[in-house]
Amino acid sequence: MSRRSLRRTLTGIWWLTLLFLYLPLAVVALFSFNAANSAASFTGFSLRWYERLMGNEEILSAFANSMILAIVSSVVALGIGCFIGYGMYRHRHRKLGWLIVLIYLPIVLPDIVFGISEMAFFVQIHRLTGFLQPGLGTMIIAHVTFQIPFVALIVYSRFVGLDPALFEAAKDLYASPAKRALHFMLPTIKPALISAFFLSFTLSVDDFVISFFTAGPESATLPIYIWGAIKKGVSPEINAVATLMLAAVAIVAIASLLFSRRRPV
Amino acid sequence: MVRESRHLLMTVAPGASWIVFFLVLPSAYLMSVAFMSSGTYGLPEMPLSLESFRRLAGFGFLGWSPGNLYTLLRSLWQTLVATGLVVAIAYPIAYHISTCRARWRPIMLLAVVVPSWTNQVIRTFGWMNLLAPGTPLSSVAEALGLVAPNMGLYPSNFAVTLGLVYNFLPFMVLPLYAAFEKLDTAQVEAAQDLYASPLRAFRHAVFPQTLPGLLAGIVLVAIPAFGMYVIPELLGGGKGMMLGNLVANQFAGSANWPLGAAGAILMLIATFIGLFAMRRIGKRLGGGEEVVI
Amino acid sequence: MTMHKTTLALSLGGLLLAGSVHAQENKLYLFNWTEYMDPEIIEDFEAQYDVEVVQNYFNSLPEMFAKLNAGGVSQYDIIVPSNYYVPRLIETGLVQKLDKSKLENLDNVMEQFRDPSYDPDAEYSAPYQWGTTAMVYNTETFPDAPKSWSLMFDPEVNPEHPFALMGDGQVSMGAACAYLGHGYDCTDPEAWKEAARLIIDTKGRDTFSGFTDGTPALQQLARGVTHVGMSYNGDYLFFKDEDPETFESLDFMIPDEGAEMWVDAMLIPSEAPNPDMAHKFIDFILDAQVGARLSNYNYYASPNAAAEPYLDDVLTQPPVQPSDADMQRLRFTPSLQGEALQTFQQLWSEVQSR
């Protein structure tokens, strides 16, 4: 195979893959404007499914829950995670095998085992103490648990990439550890913190299984609502909700593209 | 030294204890449930018993039945096929991206990753729409005699495989791309001079260099695919049950917590065996270099 | 130190925020089947008692039971299960006795629902609606459909059209039992085994589309995904009213081999946060006018004798009120306990995993 034909084949595969990746999403978006209740034929443009969404309190509260869950859990995970990340860096010459295992555990544990463990445990704790009733609180706890490792690893790798001499300089410059943290460390790891926050946020929004098993009566998130709607079989409205979520993702994607263009990393 | 230890404790303790309290303890509790007996309505009860493992192996008071074994084999098979397909697609794609102009690469990577920013449930729902009976894809499949008349491509085991490939493709492209980007071109050129056929050049110069990325990708794809719950539930239509569904059903449907917990243990064992095997393979093939996941 | 404090404050703040969501008083948590409640009734109840009703839904009874076990027992005020799940709810202590002194409208309940077999003396439950679960099929695909479950179970009667069984194992097994001539309410282990084998074989057919719960089964039929399915008479009429064009070609049929009749009842979980309001809600539903509105909305038969004068005509004829001949063939789903339940669960999980 010549260089050129290889190139052409690869380009072909690339576009086919893109089609594969975006076709299902495009179909969801397209059929959200379908006049008929059908997944097979598009009979005409209509906004009727969006009209049905308007003022649907359940969807609004599911959206609010998704946002509260993602933001609060990401903030908490960011706080806890960057301490671990720093600790891991500062003490990287010690034997920290147990810590590494602990940090990788939430990453490698299958979602379903993760979710069910927490559900069973929370139910038991609730029965014994009255705390940890299933709801947003338990969901936040669960999400923080799977976000911490990612934050820690990102922050850790940022510290590793720094010149150790910088730390010495900072030590001379600022007397107290608090000032050092505030004026030196926070600014230097800011890019890492931002990307850790966005990753945590994405992980939270993307999660379904763990949320599903730790949720309570009032804490349904958008994915849980959509899951319920799929199980109930009302298809066109789900198309509309899903399309709104896709639009949000598209906006974020474009924004991140512009952001990274302006400041090449 | 004492100060250093205190420092370590202060930075690491909050997070470590969070994970211990909210993940290690819960998992340990779930493990212990597997060794309890199941009450009439499926909740764990004393005394301790190995009954749930017997049930998991297929022994009930109806004698042995192969259902759970089928489920396990189906999970393994689906994982194997899906991972294989993901590698087959991701490998050329990652290579292709790495050979494009530098300013296009971030955009191309983003294009691959963006679909995974949407929720898993929505992504899977898209395929439900696309593969339902009467849709163009299903009609073509029907005309070719691939599916029974009036049936769609969904629900089926094929739809589950497709859903898995779709869901996990980005997880393979990213680490492979990272490997291709670091590719030592001098080595590749030397190999091209050395070996007559491009295939051999690839095998000796390119492939070993991308192996760490490939292994990382396999770990990222195979482990969650093996424990998948959402995709078989939505696309399998009752025929494509996987281990994740077997476990979840014991908590969300026909209740039997100890049996579900035993299933979870089986899943964990399989996961850790997989991780361990990948590490060993990575170490041997990568010339002692450790593969970081 | 600032960072310690900020983190601490943020995490505490987050947890408090999350916790406070549950601390609010004067709410009523209703855990009900999907598409089973007139929104206006809820609005009226909210206005009358100045309370907010939070609704959660389930699609099947196993799902409801699992949710109660996973903490729901202290989070819902009212649940609406079917007859055959009531005994196991009572036996596991998941529900509390009704305080009949708080239920003035209890006298409205029809005679035959006052001492039901699933809850002697109706100590725990008050009836909500009753109906039947049987077959819905496409009359264009099957113009001469036999009045029989063979439309699903016999590949010669239905060789090439997709169909779905019901997700609730007891109902699907009952249908298979009925088809095999053991009656819908069979409990004999040998009959069950035969039924399980039949379903496993049925699953192996190319045209088997899956296990679907009753309400989504109708959506699948409407969209042509399946041509035969199992669903409820009232939901069928409800959707027919919403989309008469599509449902023109769909018909509800009670097979001659027998099918299910059920009663859904309102119960209060044993650790319900607001049992007082729960009693008020039950009493509200048992009101003659409200009961009639509920049935008129749902298209299900009302167990409320006092509601009769206010019921729409459609509620007095088949399929809501089955013909006498059909009525003879309808059975309650058996309420399983102890070893029988274990046997059934094992058989059903085998069916699911094959």
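View 1. Asp121(C) sits in the loop that runs between strand 4 (95-96) and strand 5 (126-138) of chain C. The model is predicted. Most residues other than glycine have a negative phi. Asp121(C) is not a glycine, yet its phi is positive, about 70°. Asp121(C) counts as exposed because it has 9 C-beta neighbours inside 10 Å. Ala122(C) belongs to the loop between strand 4 and strand 5 of chain C. Ala122(C) is not a glycine either and has a positive phi of about 50°. Ala122(C) has 19 C-beta neighbours inside 10 Å, so it counts as partly exposed.

**View 2. Glu35(C), a binding-site position in the UniProt record.** An unreviewed UniProt entry places the feature "binding site" at Glu35(C) and Tyr84(C). Glu35(C) lies in a loop of chain C, between strand 1 (27-33) and helix 2 (39-49). Buried or exposed: which is Glu35(C)? Glu35(C) counts as buried because 21 C-beta neighbours fall inside 10 Å. Leaving out residues up to four places away in sequence, Glu35(C) touches Thr215(C), Asp235(C) and Phe238(C).

**View 3. Tyr84(C), the other position named with Glu35(C) in that record.** Tyr84(C) is in the loop of chain C between strand 3 (78-79) and helix 4 (86-91). Tyr84(C) has 22 C-beta neighbours inside 10 Å, so it counts as buried. Which residues does Tyr84(C) contact, leaving aside its neighbours within four places in sequence? They are Tyr118(C), Gln170(C), Phe332(C), Thr333(C), Pro334(C) and Ser335(C).

**View 4. A cis peptide bond between two prolines of chain C.** Most peptide bonds are trans. Pro318(C) and Pro319(C) are joined by a cis bond, with omega about 0°. Pro319(C) lies in the loop between helix 12 (288-298) and helix 13 (324-329) of chain C.

**View 5. A cis peptide bond in chain B.** Here the bond joins Met46(B) and Pro47(B), and omega is about 5°. Pro47(B) is part of strand 2 (residues 44-48) of chain B.

**View 6. Arg105(B) and its surroundings.** Arg105(B) belongs to helix 4 (residues 105-113) of chain B. Arg105(B) is partly exposed, because 15 other C-beta atoms lie within 10 Å. Not counting residues up to four places away in sequence, Arg105(B) touches Ile97(B) and Cys100(B). Tyr177(B) is 72 residues from Arg105(B) in sequence, and the C-alpha to C-alpha distance is 9.9 Å.

**View 7. Helix 1 against helix 12 in chain B.** Helix 1 (residues 2-34) of chain B packs with helix 12 (residues 257-285) of chain B at an angle of about 120°. Their axes are 7 Å apart. Helix 1 of chain B and helix 12 of chain B make a left-handed crossing. Helix 1 of chain B contributes Leu30(B), Met31(B), Val33(B) and Ala34(B) to the contact. Helix 12 of chain B contributes Trp257(B), Pro258(B), Ala261(B), Ala262(B), Ala264(B) and Ile265(B). By class, this contact has 10 nonpolar, no polar and no charged residues.

**View 8. Helix 3 against helix 6 in chain A.** Helix 3 (residues 57-90) and helix 6 (residues 136-160) of chain A pack at about 40°, with axes 5 Å apart. The two helices of chain A are therefore oblique to each other. Helix 3 of chain A passes helix 6 of chain A in a right-handed crossing. The contact has 23 nonpolar, seven polar and no charged residues. The unreviewed UniProt entry lists residues 136-160 of chain A among those with the feature "transmembrane region". Residues 136-160 of chain A are 100% helix and 0% strand, and their end C-alpha atoms lie 36 Å apart.

**View 9. Chain A meets chain B.** The contact takes 61 residues from chain A and 60 residues from chain B. Helix 1 of chain A gives the largest share of the chain A side, 13 residues. By class, the chain A side has 48 nonpolar, nine polar and four charged residues.

**View 10. Chain C meets chain B.** Here 31 residues of chain C are in contact with 29 residues of chain B. Helix 3 (61-69), strand 7 (208-212) and helix 14 (338-353) of chain C each give two or more residues to the chain C side. Helix 14 of chain C provides the largest share, 10 residues. By class, the chain C side has nine nonpolar, 15 polar and seven charged residues.

Note on methods: Residues numbered from 1 in each chain as written. Chains lettered and ligands numbered in written order. Predicted model: local features only at pLDDT ≥ 70, side-chain atom pairs only at ≥ 80, totals over all residues. UniProt positions renumbered as here; feature names shortened; annotations may be inferred. Helix = DSSP H or I, 4+ residues; strand = E, 2+ residues; numbered from the N terminus. Buried ≥ 20, exposed ≤ 12 C-beta atoms within 10 Å, placed from the backbone. Contact = placed C-beta atoms within 7 Å. Axes fitted to C-alpha atoms, helices over the stretch in contact; angles between N-to-C directions. Parallel < 35°, antiparallel > 145°, perpendicular 65-115°, else oblique. Left-handed = near helix turned anticlockwise from the far one by under 90°. Nonpolar A, V, L, I, M, F, W, Y, C, P; charged D, E, K, R; others polar.
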